[in-house]
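Here is a friendly walk through one structure, written for someone who likes cut-offs stated plainly. Please take a look at it before reading on.

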Amino acid sequence: MTTMTRAIAKMLLLPIFIVSVAILVKGYTSVGDGFGAGIIATLGVLLQYTALGSAEAHKLPLVAVAPRLGLIGLIIALSVAFTPLLRGQPIMTHFPPPGASVLHFGTIEILTAVAFDIGVFLLVFGFAVGTIDLIALAHDERIAQQGADSLEQQIKDEDR
Amino acid sequence: MTVLVPLLIALSAAPLAALIGTINRRATAPAAVFLAALSCGAVIWARAAGGGTFTRPWSPTWHLSFAFTLDGLAILYALLATGIGVAILIFAAAYIPLHLAHQGRSQADEPRFFVFVLLFMGAMVGLVMAQDLILIFLFWDLTAIASYFLIGYDQHRNEARTAALMALLITGISAVVILIGFLLLHWQHNTFLLPEIIQQATPGTTHTVAVTLIAIGALAKSAQIPLHFWLPRAMAAPTPVSAYLHSAAMVAAGVFLLGRFYPLVHLSQELLNGLFVVGLASMMIASLLALVRRNFKPLLAYSTIAQYGYVVVMLSFGTAAGVFGATFYVLAHALAKSALFLTAGAVTESTDIDDFKQIGGVGRSQPLLAIASGIAAAGLGALPLTIGFFKDELFFAAALARGPFYTAVAVLGAALTFSYVWHFWSSIFLGPAKTTTKPIPLAFMVPICILATLVLLGGIIVGPAANLAIAAGQVSFPALVAKTPAYHFDTRPENLLALATYALGIGIVITRRWWYAAVERFAVFGRQVGPERIYRASLAGINRLSRVIVAAELRDLRGRLTTVLVPTALLAAAGFVTTPTEGAYRISAFGWQDLPLALALLLTMVGAITTTIPRSHLTIVLALSSVGYSLSIAFAFFGAPNVALIMALVETILTILVLGVLSLFPHDVLIREHTWQEPRSLRYRDYAIGIIAAIFAFATAWSTLSQPAITGTVARDFMLMAPEAHAKNVVTAILADFRGLDTLGEITVIWIAFVGMLTLLRRRQVQR
């Protein structure tokens, strides 16, 4: 990979994250949702893997903690789902209820459903990045193993 | 809400300890002791605050609710699980580092032990408090899972792994039996709430079957014959595990369940008779086998089987006295037995010996240990001034009320207990010193002394223990009224029977030389024809069956696909046969505005056909993903931008993951598949299969799409409801709100799959 590719890949990561977050938070008012946003963010990370190599990409701030982010996402989704129980409502009851007015922040709506979607986003991101990282690690290791094997073979050949 | 405090504290103990363990390994053990003590304190506090119940339906459609209660029964068993848990954890804090060093293992394994002990404790507290059958089942299984990891803690030892698997299978399969019983009860009463079921229950065949299934599961957990053999094997676990699980917690869960369901059990006399037979067999056979054990822990394991046999026998009497005796017995036994297990662990750790033949005279160098464990042994052997005296007194009282046969059985059983307990204690502590002993750490002595003190205190001031047992017994047997037992210096039958027991016990001890060979032959005979052989044979049989199925299904990709597609095709064919085909295949009008959509679909078609041609895996994956992308374009033209976006993204991530997995395949396999020339005959067969399948799929799709559009579908409702849910994007509203529960289930599955992958791939890396 040339310096150029590396530089551009690094520069692209932040915009990709911003796009994905935009798709995430606006999911309730326009196209997109937590799942799609998670995949887009993952693609941004994947770009780093191809451009920088897995060893370097593995050390990127969000990548290292991806599995933990996934767990946090699951916990967020579960708590959104089960908190209504404490108030005596069935699970997955969202707030504000139908008919009530919704707090707006620009075009973004503040809803528990959006919080649930953020949980989905984190989980998808954690799962996909974590999987890519695992595969990349296993792959690197195999190449290292093959290198070691061929070196061993070479030494044997020379001994002969 | 009071009732939830001990539950939440006990359940959060394991995650908290795990968290502390990741921060500071050395802090795990003290934290675990503290958390267990906190849970114990919470149980005591909640008891003082009056207990109570908490019921909150969370899925009314399925009759599921979070229902917990802190009644007498729950208090007794929760106190056992948390209180003895504290003692065990203090012991383990000193034992586990030594144990790991002994085996040359990394100390990094240490936190895992404490986390699983606390997980077990939390599951026990949940189990004893749960009132909803499904919750009971969940906590029951959680105890089995925690015990699997605890018994198999020394995972590098084959016998530990076998024992862990055996315990998991026996208690896990019996848990499924229990679940069937629960579902039968639900079918009959249309509720999962135990109090409601108890109110409605009437004797009958369904009732008997359901409760018998539950009782079978409970007996397996309490290691009753013939499902007892996992317990002696489980002695492969580290000593604190045996002391906890196999005296006070896991095996106690079985009789707890019997106590919890006793109002139902009580309705069926056949079941009570069955319980008597099982309990009697366990009591007698396990006592005999305990007499001829050569090692410390197996003797105690068989003793546990026998002691829970007593409890089952007392429950089988179906009388107030029997129930009171049984609950009191569980309490007294747990205290004494866990102290004896810990003694065995302390002695083995200080002398490296666990064999009765090589040990002796430890009392000379360890007088305090000898006294403390002597008190515990006296408690198990039912000597006066210990809590054990009353357990036998209540046992005799209950047996006397039933008749002379039961009384004779009770005396014989108690005498056998007396003699193997004597054998255990005297072999270790009396006689000439045969070995040198290392000093015993204070953390070993403290819990043994605490437990021994409780055994002694319970024998002098019996009130608190009796009150616990009476409150617990009243849950099982509402009509129970009992007097606190006390010492009576007269010739009442119970006292005479106790004297007879001691005499008989001493007789058995003295005549050991004459009966030893015969009992040992019996033990060998039991090993040769016992139920463990059946277990091993069926395990081997299941393995063989599994291998046959795997060979048939997983031999190659074709077999794999066949097992999925052929049944699918049969189902679809059944659909064709049974539905009328009239008007099913219509061709509707085609306008110019449909042209982009048609072109996109054409692209999809080309992609699909292309997929069938190449042999290179890379090309196949890429061709397949092109199908997905074209379909995504088709959705975009169809006016579904959200679906199109998701489709493209799904396709992208799927392709990437498949390519990633392909890169992990062995290269030679990929190359072999790539270069393999398919014989001509096979190729024609494949063409034929492909074309038939395509026609089939085509006909199915066409007929579905030709159906007149169904009006008033759920999709239309969703569209109408979306503004109500403050959503302009109906797809997101469906995912996050209307069908949010589905999404929740799906992401949970994704997480579980990820954890599995993490474990598999990381494990491989560690092994290299």
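## A hairpin in chain B

Strands β1(B) and β2 (residues 64-69) of chain B pair in the antiparallel sense over six bridges; two strands pair if DSSP finds at least two bridges between them. Helices (H or I, at least four residues) and strands (E, at least two) are DSSP runs, numbered from the N terminus. In this predicted model, local features need pLDDT of at least 70 and side-chain atom pairs count only at pLDDT 80 or more, while totals for chains, interfaces and linings use all residues. Residues are numbered from 1 along each chain as its sequence is written, and chains are lettered from A and ligands numbered from 1 in the order in which they are written.

B:S59 stands opposite B:L64 in β2(B). The two strands form a hairpin with four residues between them, and B:H63 in the turn has a positive phi of about 60°.

## Where chain B touches chain A

The contact takes 43 residues from chain A and 39 residues from chain B. Two residues are in contact if their C-beta atoms, placed from the backbone, lie within 7 Å. On the side of chain B that touches chain A, the elements giving two or more residues are β1 (53-59), α28 (641-664), α32 (730-738) and α33 (740-767) of chain B.

## Two helices in chain B

The axes of α11 (residues 250-260) and α14 (residues 296-316) of chain B come within 11 Å and cross at roughly 5°. That makes α11(B) roughly parallel to α14(B), a term for angles under 35 degrees. Axes are lines fitted to C-alpha atoms, for helices over the stretch in contact, and angles run from 0 to 180 degrees between N-to-C directions. From α11(B), the residues B:V251, B:V255 and B:L258 meet B:T304, B:Y308, B:V311, B:V312 and B:L315 in α14(B).

## Chain A as a whole

Chain A has six helices and two strands, running α-α-α-α-α-β-β-α from the N terminus on. Its C-alpha atoms fill a box of roughly 85 × 35 × 20 Å, taken along the principal axes.

Definitions and conventions:
Angles under 35 degrees count as roughly parallel, over 145 as roughly antiparallel, 65 to 115 as roughly perpendicular and the rest as oblique.
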